[in-house]
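Subject: Structure handover

Hello,

Please find the structure below. My notes on it follow.

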Amino acid sequence: MGPKAKKIILIIVLAFFVYAVFTSPVKAADIVNNVWGILVDGFNAILAFFSSLLNR
């Protein structure tokens with residue numbers, strides 16, 4: 001994939017994000033909150049895994 005294609009895809013994704021925020025800001029905030037929760041839970045699970053490895 002060339003740099004022009006990547007730039008076009010990035011612009012399309014950003015345009016969709018702006019559209020989603022303006023048309024339904026509550027849903028957009030819920031999605032961001034859910035994604036953040038998933039990332040935090042995954043990070044905590046990785047920390048717990050390595051903590052259990054190091055404690056043994």
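How many aromatic pairs does a search of the whole structure find? The search finds 1. Phe 49 and Phe 50 form that pair, with 5.2 Å from centre to centre and 70° between the planes, which makes it edge-to-face. For the terms: rings of Phe, Tyr and Trp (its six-membered ring) pair if their centres lie within 6.5 Å, and planes under 30 degrees apart count as stacked, over 60 as edge-to-face and the rest as tilted. Phe 49 is partly exposed at a relative accessible area of 46%, and Phe 50 is partly exposed at 47%. Here buried means under 20% relative accessible area, exposed over 50%, and partly exposed in between (1.4 Å probe, protein chains only).

Before the rest, some notes on the source. This is a predicted model, in which local features need pLDDT of at least 70 and side-chain atom pairs count only at pLDDT 80 or more, while totals for chains, interfaces and linings use all residues. Residues are numbered from 1 along each chain as its sequence is written, and side-chain values use heavy atoms, with hydrogens and water left out.

Overall shape

The chain has 2 helices and 0 strands (DSSP runs, numbered from the N terminus: H or I of at least four residues for helices, E of at least two for strands). Its radius of gyration is 18 Å, whereas a compact globule of 56 residues would have one near 10 Å. That radius is taken over C-alpha atoms, and the globule rule is 2.2 Å times the number of residues to the power 0.38. Along the principal axes, the C-alpha atoms fill a box of roughly 50 × 35 × 5 Å.

Surface

Of the 56 residues, 2% count as buried. The chain exposes about 5300 Å², and carbon and sulfur atoms supply 76% of that area (Shrake-Rupley method, 1.4 Å probe; for residues, only the protein chains shown count as cover).

A nonpolar patch on the surface is formed by Phe 17, Val 18, Val 21, Phe 22 and Val 32, with about 490 Å² of accessible area together. Patch residues have over 30% relative accessible area and no salt bridge; like charges are joined within 9 Å, and nonpolar side chains (Val, Leu, Ile, Met, Phe, Trp, Tyr) within 5 Å. A salt bridge is a side-chain nitrogen of Lys or Arg within 4 Å of a carboxyl oxygen of Asp or Glu. Helix H1 (residues 3–23) gives the largest share of the patch, 4 residues.

Val 18 lies in helix H1 and is partly exposed, at 42% relative accessible area. Val 18 and Ala 28 are 10 residues apart in sequence and 9.7 Å apart in space, C-alpha to C-alpha.

Regards
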